[in-house]
Amino acid sequence: MRFALLVNAAADSAAALTALHTAQALLGHPDHQLYRLFFYRDAVHLANRYAWSADGDQASAAQQWQQWLGDNPVDAVVCVGAAQRRGVVPDTLADGFTLAGLGQWADALINSDRVIQFG
């Protein structure tokens, strides 16, 4: 089964980490495929390379997302319009994320069997 995840959750919300844990579980499941992650609204802050960071158990959700995406080849798309309105521009975009329009989300809707929304 093919999944798309829509992440709207702010970087400081529990839903941002729940979305990450769901993505990790889907990627590790032999019968499921993670087709695309789409970051929208305040979730675009998760893709900011200059987001607050800390060590160990205090690592921010943004830091955890960025590390996981750096280690896993997942299609992680950040809505360009939402990002620009929040100051996340190509120079501040963390590795593993790409900027694109809502057309990428429409493609995910068409090509996925299930959609899960967070936030």
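Exposed here means over 50% relative accessible area, and buried means under 20%. The model shown is predicted.

**View 1. Strand S1 in its surroundings.** S1 runs over residues 2-7. Five of its six residues are buried, so the rest of the structure largely encloses this strand.

**View 2. S1 beside strand S2.** S2 spans residues 33-39. The two strands pair in the parallel sense, over six bridges. Look for Val7: Phe39 in S2 stands opposite this residue.

**View 3. S1 beside strand S5.** S5 covers residues 114-118. S1 and S5 also pair in the parallel sense, here over five bridges.

**View 4. From S1 through helix H1 to S2.** H1 is made of residues 14-28. Together, S1, H1 and S2 make a β-α-β unit. The unit is right-handed.

**View 5. The buried side of helix H2.** H2 takes in residues 61-71. Its buried residues are Ala61, Ala62, Trp65, Gln66, Trp68 and Leu69. These residues lie on the same side of H2, because they cover an arc of only 165° around the axis. An α-helix has 3.6 residues a turn, so residues three or four places apart point the same way.

**View 6. The other side of H2.** Here Gln67, Gly70 and Asp71 are exposed. Each of them therefore has over 50% relative accessible area.

**View 7. What covers H2.** The cover over the buried residues of H2 includes the strands S1 and S2 and the helix H1. Strand S3 (76-79) and strand S4 (97-100) are also among the covering elements.

Terms used. Residues numbered from 1 in each chain as written. Predicted model: local features only at pLDDT ≥ 70, side-chain atom pairs only at ≥ 80, totals over all residues. Heavy atoms only, no water. Buried < 20%, exposed > 50% of the residue type's maximum accessible area, 1.4 Å probe, protein only. Helix = DSSP H or I, 4+ residues; strand = E, 2+ residues; numbered from the N terminus. Pairing = 2+ DSSP bridges. Right-handed = clockwise from strand over helix to strand, strands pointing away. Arc of directions from axis to C-beta. Contact = heavy atoms within 4.5 Å.
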